[in-house]
Each structure stands twice: as C-alpha cells, then as structure tokens.
Amino acid sequence: MVYRPARITGMGCICAPGINLSQCLRAIFENTAPEPSLPQRFAKQYVRNYPVFEVPSSFFEQNSWAGQHKFSLTARFVLAAVHEALDDAGYSVKELSSMRVGVCIGTTTGAALNFLSFYHAVKKGKDPSLTPIKRYLKSNPSLVIKEMLTLHGPCQTVVNACSSGTDAIGIGLSWLQADLCDLVIVGGADELTPIAYNGFISLMITDSERVKPFDRYRAGLNLGEGAAIMILEPFNGSQNRHGKTRGYVLGYGTANDAYHYTAPHPDGTGLKKAIYNALCSCDKKADDIAFINAHGTGTQDNDRVESFVLRDIFPETPFLSTKGYTGHALGAAGAIEAVLTVACLESGKVPGCAGFNNPDPDLKISPLKTVTGVSGHIAMSQSLAFGGSNSALILGGRGL
C-alpha cells in the first residue's frame with residue numbers, strides 16, 4: 001500500500017457548543033460555550049448532580065426531519081453532520097451517485113441500549129410495540145448514510161469504545177490509499193442514553209461539576225453527545241473537483257496495550273506505540289507537531305498516563321483537551337476532536353483548556369489556559385479507549 005495523505009474537502013460538526021461547525025467554533029473561541037447541566041431527555045435520580053453536555057434544543061427546531069422517529073438520534077445526528085460536510089465540500093447527492101463513495105462511522109452505544117420502556121413493559125407481562133427495536137435495527141449509522149444517499153462503496157461501522165471516531169477516520173484514509181474509493185465519508189456519532197449515563201456514574205469516574213482536564217482537582221468526566229464528519233478525497237497533486245481543501249489527514253496509528261478493561265497502561269505503552277505508528281505512517285517527527293488535542297477526560301488515570309506520554313515525546317509542544325467544551329461524546333469524541341483540530345489549524349489558533357485552572361505538580365506539564373496562536377501547520381489528535389485501545393491522527397492545515 002502506498003502511504004499518502006488524504007484531502008479534507010468538507011467538515012460538519014454537531015455537539016454541545018453548536019449545531020454546526022461555525023457555531024461550535026464561535027462558542028469555543030468567544031467563551032460562550034454552555035456549561036454542562038442535568039440531562040433533559042431522560043429522568044435521573046441521584047442525590048448528587050452529574051451534569052452532561054447535550055446537543056442544543058435548536059437542533060430539533062432547525063432540522064425539520066430531526067424529530068422523526070424512523071431513526072435513532074445517533075443516526076439523525078450523523079445525517080445532519082454529513083449534509084453539512086457535503087455542502088461544505090460542494091457535493092450534491094446526485095454527484096455522489098457516479099462515484100465510489102465509502103462510509104466509515106464510529107460509535108459506541110449508538111442507541112443500542114435505549115430500549116428501557118420496551119424492557120420494562122416486557123417485564124410487567126405486557127406486549128409492547130416493537131417500534132423501538134425496529135428503529136434500532138434501521139439505525140446503523142454507516143448503513144443509514146449509505147442507504148439514504150444511495151452510495152456505492154465500502155461501508156463499515158466501528159465500535160471500539162472511545163477511539164471509534166478516530167479509528168473510523170484512519171480506516172477511511174486506508175481505503176483511499178488502497179484506491180478502493182474516490183471519496184470517503186468518515187466520522188463518529190453518539191447520543192446520550194440512560195444506561196450509558198448510569199454506567200459511567202457506577203464506575204465512579206463522573207464529575208458532579210464541570211470536567212477539569214489535567215487539573216489538580218479533576219474528579220472525572222462529563223458525558224457529551226453529537227456527531228462530526230469529514231469528507232476525504234485522494235491526494236493527487238490537484239484540488240478536488242470543487243477546488244476546495246480544508247486540510248489533510250496525514251497519518252494514523254493505533255495500538256492496544258490489553259492492560260485492563262477500562263484503565264490505560266500505567267506506562268502509556270499502547271499510547272506511545274500508537275503515536276509512533278501515526279508519525280511513522282506519514283514520515284513525521286515529534287518536532288513537526290504544532291499542538292496536540294489530547295483525549296483529556298478529566299479522570300485520574302487517563303490524565304496521569306496521557307500527561308506522562310506527552311511529557312516524554314512532546315515536552316515542549318502545547319496541548320489541550322476540548323472536552324471541557326463538548327463533554328466526552330464517546331464514539332463521536334475522536335471525530336469531533338479531529339474536526340476541531342483541523343478547524344484550529346485553519347484559524348491559526350487554539351482555545352484554552354476549559355475547566356483547567358490548577359496545575360497538578362505530579363503531572364509535570366499543563367495544558368494551555370487561554371487562546372493561543374499556532375505557528376505550525378501540523379497537529380495531532382489522540383484517543384484512549386476502554387479495552388486498552390489507543391489511536392492517533394496526524395492532521396495538516398491547508399497551508400501545509
């Protein structure tokens with residue numbers, strides 16, 4: 001396989017700061033992104049509050065089809081992000097019909113656990129409608145995109161915990177490198193569900209206040225939701241047919257340390273290997289990286305391990321976590337963070353690490369606290385996941 005970059009010709013993003021990418025960027029850079037709050041779409045019964053970052057209600061108001069019940073909310077999020085990305089790239093659905101278009105989307109729960117009303121009815125001896133089950137079976141996010149747009153190309157949904165969105169982008173890159181596609185739609189999507197919400201609380205890694213990535217007083221994550229999409233096209237020395245390039249996916253690396261069901265390896269073995277694999281895949285060095293969008297969940301274990309790895313490999317490279325704006329969107333997280341990373345390269349600046357206020361002397365390094373200019377054209381976005389999965393993307397700005 002010939003290793004070459006892919007052009008990013010369109011992007012779309014939906015998460016707590018906004019229902020499109022421009023809204024998200026404006027809220028993040030102007031410090032108007034919402035604070036997390038208690039879930040609004042399902043009941044919660046706890047003595048302590050566990051806030052989350054939900055997609056704004058304006059999503060439902062401004063997308064007339066978004067209130068339909070044919071698909072899960074995860075699928076509706078990703079469809080909206082796909083349409084934004086295709087509009088951004090300048091493609092109509094009709095144009096795609098004559099192309100080999102692949103689809104690769106990452107997710108985790110993907111609404112698979114959103115059948116509580118059905119299960120409760122069954123347990124009470126009732127005969128409930130199968131509508132929730134049928135909706136789930138129709139809502140595989142990659143298949144929804146492929147079928148709604150009548151696409152012809154490979155189709156894959158990646159379920160690899162919190163690295164799913166990152167891995168989906170890396171797989172899409174490999175399809176272009178293998179000449180399997182003319183264009184690839186890649187990204188991630190996930191919605192908040194009661195079982196995921198309760199599950200993370202039971203793990204005792206959920207903060208009752210705003211998440212504080214890499215902070216001395218960090219106490220866990222805030223869950224989030226949303227979707228992000230990139231349109232990838234081959235790098236062939238010329239612009240895409242619409243003459244637009246927003247950035248590049250230069251390289252991808254992944255590694256599994258198989259250390260624990262939920263905790264990263266204390267030495268960061270898997271993350272280090274994933275980073276080196278990503279750098280080697282595009283012939284880049286650590287010094288080439290202008291900034292890093294870290295996983296930065298605000299949990300004790302993740303931030304400790306991640307900071308040790310960054311200190312060893314990138315001791316002088318500025319880094320941040322955008323989860324203080326978006327929450328941890330699970331399978332969508334890596335895709336949202338990759339899109340935000342490319343957008344930061346475009347704008348020539350990165351935001352501060354929201355929620356970080358107090359340096360942790362045990363970590364030795366600290367993230368950016370304020371909006372900071374970017375002097376280079378290459379960045380890295382990385383994801384750590386349950387099950388020991390670690391993945392990293394090397395991303396380039398259009399000025400590369």
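Two strands pair if DSSP finds at least two bridges between them; strands (E, at least two residues) and helices (H or I, at least four) are DSSP runs, numbered from the N terminus. The model is predicted, so local features need pLDDT of at least 70 and side-chain atom pairs count only at pLDDT 80 or more, while totals for chains, interfaces and linings use all residues. Residues are numbered from 1 along each chain as its sequence is written, and side-chain values use heavy atoms, without hydrogens and water.

**Exercise 1.** State the order of the strands in the open sheet, and explain why one side of S3 and of S8 lacks a neighbour.

*Solution.* Step 1: ten strands follow the order S3-S2-S4-S5-S1-S6-S12-S11-S7-S8, with mixed pairing. Step 2: S3 (155–158) and S8 (319–320) are at the edges with a single partner strand each, so one side of each has no neighbour in the sheet.

**Exercise 2.** Describe how S1 and S6 pair.

*Solution.* Step 1: S1 (residues 6–14) and S6 (residues 247–256) are antiparallel, over three bridges. Step 2: isoleucine 8 has glycine 247 in S6 as its bridge partner.

**Exercise 3.** Identify which residues line the largest cavity, and which elements give two or more of them.

*Solution.* Step 1: a cavity is a set of points, on a 1 Å grid over the protein atoms alone, where a 1.4 Å probe fits but cannot get out; lining residues have an atom within 4 Å of a point. Step 2: the lining consists of Leu25, Ile28, Phe29, Asn293, Thr322, Leu340, Thr341, Cys344 and Pro351. Step 3: helix H1 (21–29) and H13 each give two or more residues to this lining.

Conventions: 1 Å grid on protein atoms, 1.4 Å probe; cavity = no way out; pocket = protein on both sides within 12 Å on 5 of 7 lines; lining within 4 Å.
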